[in-house]
Amino acid sequence: MADEQRGLRLKLQRSGWFDGRRVDGSQFEDERGDLAWHIKTWPDSGDPIEDYWVEGGEFYEVVELQSAMDDSALNRIETGRRITGIDPAKRTVILNAIAAWEKSAETEAP
């Protein structure tokens, strides 16, 4: 996954407060049909804003994300190293937010 560039299509956008953290997420699907999330998060005090790529429960640094204004256009992601030292409480908050968003999206599907 590290240093890989892939074409992406935006699937979902969600945000909310979870255990004192703001979590904003955009779910993307790549050309293989794999799903992943671009996550921005920060504590209620406002700093620092952190940026992650979350795929299969693993966290990666975001090197570059190119987004188009049109949801149908492809986006590009370049990720860096896998992050292994993330605070366990923060990791849990982010993964719980993603799980809640994915569950609500399943019930919204036609």
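Tyrosine 52 touches Trp37, His38, Ile39, Thr41, Phe59, Tyr60, Val62, Ile83, Ile86, Lys90 and Ile94, leaving aside residues up to four places away in sequence; contact means heavy atoms within 4.5 Å. The model is predicted: local features need pLDDT of at least 70 and side-chain atom pairs count only at pLDDT 80 or more, while totals for chains, interfaces and linings use all residues. Residues are numbered from 1 along each chain as its sequence is written, and side-chain values use heavy atoms, with hydrogens and water left out.

Helices (H or I, at least four residues) and strands (E, at least two) are DSSP runs, numbered from the N terminus. Five of the six residues of β4 are buried, so this strand is largely enclosed by the rest of the structure. Buried means under 20% relative accessible area, exposed over 50%, and partly exposed in between (1.4 Å probe, protein chains only).

Strands pair if DSSP finds at least two bridges between them. Threonine 41 has glutamate 50 in β4 as its bridge partner, and valine 54 stands opposite phenylalanine 59 in β5.

| Hairpin | Residues between strands | Glycine with positive phi |
|---|---|---|
| β3 and β4 | six residues | glycine 46, near 100° |
| β4 and β5 | two residues | glycine 56, near 60° |
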